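Here is a short briefing for a reader new to this structure.

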Amino acid sequence: QVQLVESGGGLVQPGGSLRLSCAHSGSRFSINAMGWYRQAPGKERELVARITRGGSTNYADSVKGRFTISRDNAKKTVYLQMNSLKPEDTAVYYCNAASIDSLDYWGQGTQVTVSS
């Protein structure tokens, strides 16, 4: 079973920064893409940022210019650097891995709260 473990969430004031980490755990798997999703209570889960096997990235319009997704292959970790945080960024953030055999894996989520 593949496991992904997120960390780095917390409480931050508007305009502040956080960096989320997602460490690979468990069985090996081949990754087609990895991404960060977020979900606020009563709202559907949405894509925040994505990075492909080749390193191409894409972002939700709401976070472009503020968030950066990256990875450290040696450490088997993907990051989400979040700058200029806004209250509307408040959500549980989930790490996702899409394997080459079309399976999706999810982390447990980490809470990000941006105070008003």
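Lys64 and Asp61 join their side chains in a salt bridge, with N and O 3.0 Å apart. Asp61 is exposed, at 66% relative accessibility. The model is a predicted one.

**Salt bridges**
- The count of salt bridges comes to four.
- A network of salt bridges links Arg38, Glu46, Arg66 and Asp89.
- Arg38 pairs with Glu46, and their closest N and O atoms are 2.8 Å apart.
- Arg38 also pairs with Asp89, with 3.0 Å between the closest N and O atoms.
- Asp89 sits in the loop between β8 and β9, while Arg38 belongs to strand β4, so this pair ties together parts that are 51 residues apart in sequence.

**Burial in the network**
- Is Arg38 buried or exposed? Its relative accessible area is 5%, under the 20% cut-off, so Arg38 counts as buried.
- Asp89 and Arg38 are both buried.
- Glu46 has a relative accessible area of 35%. That value falls between 20% and 50%, so Glu46 is partly exposed.

**The nonpolar core**
- Nonpolar side chains tend to be buried together in soluble globular proteins.
- Here the largest nonpolar core has 29 residues.
- Which residues have the most contacts inside this core? They are Met34, Trp36, Leu80, Met82 and Tyr93.
- Elements that give two or more residues to the core include β1 (2-7), β3 (18-26), β4 (31-39) and β5 (46-52).
- Also among them are β7 (67-72), β8 (77-82), β9 (91-99) and β11 (110-114).
- β9 gives the most to this core, with four residues.

**Around Met34**
- Leaving aside neighbours within four places in sequence, Met34 is in contact with residues including Leu4, Cys22, His24 and Ala49.
- Other contacts of Met34, again leaving aside those neighbours, include Arg50, Ile51, Ile69 and Val78.
- Cys95, Asn96 and Ala97 are also among the contacts of Met34.

**Around Thr77**
- Where is Thr77 placed? Thr77 is in strand β8.
- Thr77 has a relative accessible area of 11%, which is under 20%, so Thr77 is buried.
- The side chain of Thr77 reaches the backbone oxygen of Lys75 at 3.0 Å.
- Not counting residues up to four places away in sequence, Thr77 touches Ser21, Cys22, Ala23, Ser70, Arg71 and Asp72.
- Cys22 is listed among the contacts of Met34 and among those of Thr77.

Notes
Residues are numbered from 1 along each chain as its sequence is written. This is a predicted model: local features need pLDDT of at least 70, side-chain atom pairs count only at pLDDT 80 or more; totals for chains, interfaces and linings use all residues. Side-chain values use heavy atoms; hydrogens and water are left out. A nonpolar core is a set of buried Ala, Val, Leu, Ile, Met, Phe, Trp, Tyr and Cys residues joined through side-chain atoms within 4.5 Å. Buried means under 20% relative accessible area, exposed over 50%, partly exposed in between (1.4 Å probe, protein chains only). Contact means heavy atoms within 4.5 Å. A polar contact is a pair of N or O atoms within 3.5 Å; within protein, one must be able to donate a hydrogen and the other to accept it, and residues adjacent in sequence count only if both atoms are side-chain atoms.
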